[in-house]
Each structure stands twice: as structure tokens, then as C-alpha cells.
Amino acid sequence: MTTTIGPRLARTLTAIGAALTLASPFLAWTWTAAYPGDLTLDGYPGGSQVVTLVTGALAALFTAAALGLPGVRRLAPAGAVRALRAASLAALTTTWVTVGAIALTLGGAVNVEPGGWLACVAVLLLAGGAHALPDDTVEPPPPGARLPWPAEVALITAVFLAALAVLTYGITTDSAEEFLAFLPAAGFGARALSAAGITRRVSEINARHRVAVAVAALASALVFPFTQTGDRYTAIADNILVFAAVALGLNIVVGLVGLLDLGYVAFLGTGAYSAALVSGSTFSTFHIAPWPFWATALLGMAVSLLAGLVIGAPTLRLHGDYLAIVTLGFGEIFRITVNNLDGTSGPSLTNGPNGINAIPNIELFGFDFGEPHTVLGVSFGRFANYYLLLLAVIAVIVFVYARAGDSRVGRAWIALREDEKAATAMGIEGFRFKLLAFGLGASLAGLAGTVMAHLQTNAVPDNYKFADTAPPNSAFLLAAVVLGGMGTISGPLVGAALLYLIPAKFEFFNRYQMMLFGLALIVMMRFRPEGLVPDRKHQLEFHDEQVSGAEARQVAAEATA
């Protein structure tokens, strides 16, 4: 980029901006506690000031690396300037959103204290100086040195704890203003880490310690309920885990095999209704003793698997748009069918539009998930209990997904996704492998549905539409997979978390949900078609020109060396 100021002045502005950005959260930004987060105290950051402080610290770190401070440059192996630019934008967006919201919410800019104005000027200096610095990107970045095994495991644990802290902050924000300030800061912060090459380094370490990664991820997730004093935010986390589990199952069909399924939510409903009918609910048409949960889970998976095979057998010979239309029809047929099984329009099975309500809580080995329990001095309520159960379900689904994806069957799925004709010519039976993926994805959705029925205490037809103002629905699940990253494990988890949190935090979002989801997908297809957490192969395919250019530059550099 062409700059109008010299590198020396750019470095000076960047350093001054970083120092003032770090100082500004310790000054009051407004005079009244009416604004969420209480930004009225000197010397004690609160609310969105904490986000400015964290992003400012990240920008200061990359500023030190860009200025060549000894020992710091290693933190940006791919170059510090682009990372600094992204970090400065993170500080800029969160600060200006917060100060602007103070003025709008409280009735004018007069309600902004000098600390707020100082923060606005500081982040402008930081961003202006950062974008005036000459680019120092290294493509490809040099390979990182291996650390001792304990150090790498400790680093993996620290990364997951940091990710948990970021997610916890996003879930527990009390107001739309705070979440609006947090969201772009988190996005630009992630971009900064990626531009610096830190994300790639962490991925390399993760690839060498898969067991440690799994243990660290599970341990970090287990920490969340211990940080909560009530069920308010744990209920949000429960819903995120349910939708993430279903999205992971859909990712087998969409991400690994490349089949477009627009009626996947029906398998979630199949599992939910199977669990509801044998739950012992007074509204169930099966007047039987409640089944134990392990048997209910197996039933939900079996019925969903059967439904997947019955629907997939006659339809999976179709391709592309035709398959998408058929699966969309299946989703609507399921919803209409359970709506009509009310004893009037059809047999008495599901109570029609009234659904099956008052589903009792799960009891597993004498543990009642509806009763509060105390663990290590921390009181676990109903939603915290279900949170732990859903973590176990997620762990099972991740294990199945990972093992299937790395197996001979998984390689056959990927071959069919890349080029079905070539895969068939090499001896892969396309229909059989696609039907297997369809059935496996359906059974995993059925497992999630059995837990969801008990968590929500009901199973009603309106919960299983193609598109609606609130999840779950097929459009939501597909958007979570595409937005997060097809063919990856963490992608659907990230996509489901974002697509559930954003409507939950912004009330106006529900009125324009589908339009905004569509706009988000259009932006993603333009700027990051591989998703937020891309599969390496997809990333190379979508950015083959950049990859070819980087390889050409590397060859030229080696030739001139």
C-alpha cells in the first residue's frame, strides 16, 4: 500500500497509539453506570474496556515485534505488520463501537468522559501507524523449532484455556452493546494470530499431540460450568452444544462426501420423538415405564439410522440440485407427518401440533439430571448437568467423525467428494459409501435428538422446519457447517456457536435472520470460501493462485540465494 508518511513516523505513531490504547481502559469512559459494564471507574477496566485492553495488549505485542525488539520477533514468524494491522483494527472497532453506543444509548456525546475520547484517538493513531508500516510478510514462514514435549503440551493447554475464556466472555455478555463490541474484536484478533503465523504453529503442534489436544479440549470445556453461578448462561451453552453435535453429523454428509442435504433436521426430530415416546411422559401415547437413557439413546440412533437408509436408498443415485430438492422434501414430509399423527388426520402417535410435552429429566445410573448437585463445592443446576452430558455426546461424535474420516471409508468419501466419476472408475462403489455416510450422519443426529428432547422437555413439529426464526432448522445447520468450515471438526463447532449466539444477543436479528445469514454466506464465499476454520485441502483449492505465487517466490528466492 502507498503511504504518505515515512516509516520512522509510522513507527512513532504506532508506538504512541499502542501505549495510549493500553492506558485508556484505566480511565472512565462515561459518568453514569446506566451504560452496561460500568465504565465509570478510574483505574479499574470494566465491560467493553476489558476487550479494548486485551486487543491493545495484542497490538502492543505485535508492535514490539514489528519494531524488532529482541526475543519478540519470534512471536510473528510469518511477519508482524499484517498481524499488527489486524490487531489495531480489533482495538479500533471495539473502542469506537463502545464509545458510539455510549453516545447513542445515553443521549449524546456529552456523556463520553475524556477517557473515552482518549481511547478513540489512541486507536486511530495505532491503526493509522500500523497501516503505514511497510509489509514484512514472509511466505512461506520458516518451519518452527520443536519444543520439549512438556512445553508443547503446556502450550496446547494454554491455547484451549484462552479459547474458553474468549467463548465464555461472549456467552456471558449481559447486553447487545457489549456483544457488539466483542464480536469484531474477536474476529480481527483471530485474523491477527493467523497473519502472524501463530495459528499455523499451533496447528503443527496439535498435529503432533492429538491425544493431548483431545484431553486439553475436554478439560477446558469441563471448566466452564465451574465459572458460572447460575443456569442462565449454561442454558445457552447447552443449546450451542446440541446444535454443534447435529452440525458435526451433517458435516459427514456435506463436508466429507459433498452431498447437499436440506432436510437434515428431520433426523434430529426422529431421535427426539423416539426418546419422547418411551420417556414415560404423561403425554406419550406409549403408556409404558420410562426406558433407561442408554436404551433411549440407542433407540433414537437406530430409528434415525433406519430413516436415513430408507430415504437414502432411493434418492442417493441423484446428484446436485436434484438430491437437494429430494432431501428438502423429506424434511417437510417428516414435519407434516408428525403434525398429522394426532388421532384425527392419522393414527394417534405424536399428538399432532401439540407434540409430546412434560418429558421427564434423564436418570442415568441413579443420577438425576434435573436435580441440583454439588461438585467440588460448586452447585450444579439442571442445565449444568445436561452440559456435562452433552460434552460426553460431543466427545462420542467427534471420536466417530475423526475415526471415520481417517479410515479407508473416509478416504473413499473424500474421493467421491473430489471427483465421483474418477472414484468410481478406481473401483469405489459410490452409492454404497454415500448411503453409509447418510446413515451414519442420521444416527448421530438422532443421538443429539434424544438429549434435546429431555433438555427442552418437549418434542413438537414446529421445532423441525427447513427455515425458521430460531434454531434448530436445516438452514441453520447447513449455514453452521459452511460458515465454520466443511470437512473439519472444529469448524461446525465454531459455526454453531456464532449462529446461535448472534441471534440470542440481538433481538432485532430474529426478524431478519435468513436475510442476514444469506449476506454472511455471500461475504464468506467472496472473502473466505473455505470457512472460518478451513480444511487444508479446501484452503489450497480456493486459493490456488496465492499458493502458486508463494511457491514461485520461494523458488526464486532459493535460486538467487
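A helix here is a DSSP run of H or I with at least four residues, numbered from the N terminus. I kept that in mind while going through this structure, which is a predicted model.

**Entry 1. The second largest pocket**

I looked up which helix gives the most to the lining of the second largest pocket. I found helix 7, with 6 residues. Helix 7 covers 198-208, and helix 5, covering 149-172, also gives two or more residues to that lining. I noted 16 lining residues for the second largest pocket. Lying nearest its centre are Arg74, Leu147, Leu155, Arg201 and Ile205.

I then sorted the lining by residue class and got 9 nonpolar, 5 charged and 2 polar residues. For the space in this pocket I wrote down about 410 Å³.

**Entry 2. A nonpolar patch on the surface**

Next I turned to the surface. I listed four residues that form a nonpolar patch there: Tyr512, Met515, Leu519 and Ile522. Together they have about 420 Å² of accessible area.

I checked where Tyr512 sits, and placed it in the loop between helix 18 (490-505) and helix 19 (513-527).

**Entry 3. Trp291**

I found Trp291 in the loop that runs between helix 10 (265-277) and helix 11 (293-315). The relative accessible area of Trp291 is 38%, and therefore I put it down as partly exposed. I also looked up how far Trp291 is from Ala83. The two are 208 residues apart in sequence, and their C-alpha atoms are 55 Å apart in space.

I went on to backbone angles. Asp38 is not a glycine, yet I read a positive phi of about 55° for it. I located Asp38 in the loop between helix 1 (7-23) and helix 2 (48-66).

Asn351 is another residue other than glycine with a positive phi, near 65°. I traced Asn351 to the loop between helix 12 (320-340) and strand 1 (363-364). The relative accessibility of Asn351 is 22%, so I recorded this residue as partly exposed too.

Methods:
Residues numbered from 1 in each chain as written. Predicted model: local features only at pLDDT ≥ 70, side-chain atom pairs only at ≥ 80, totals over all residues. Heavy atoms only, no water. 1 Å grid on protein atoms, 1.4 Å probe; cavity = no way out; pocket = protein on both sides within 12 Å on 5 of 7 lines; lining within 4 Å. Points joined across faces, edges and corners; volume = space filled by probe spheres on them. Nonpolar A, V, L, I, M, F, W, Y, C, P; charged D, E, K, R; others polar. Patch = residues over 30% accessible without salt bridge, like charges linked within 9 Å, V, L, I, M, F, W, Y side chains within 5 Å. Areas by Shrake-Rupley, 256 points an atom, 1.4 Å probe, with all protein chains shown as cover. Salt bridge = Lys/Arg side-chain N within 4 Å of Asp/Glu carboxyl O. Buried < 20%, exposed > 50% of the residue type's maximum accessible area, 1.4 Å probe, protein only.
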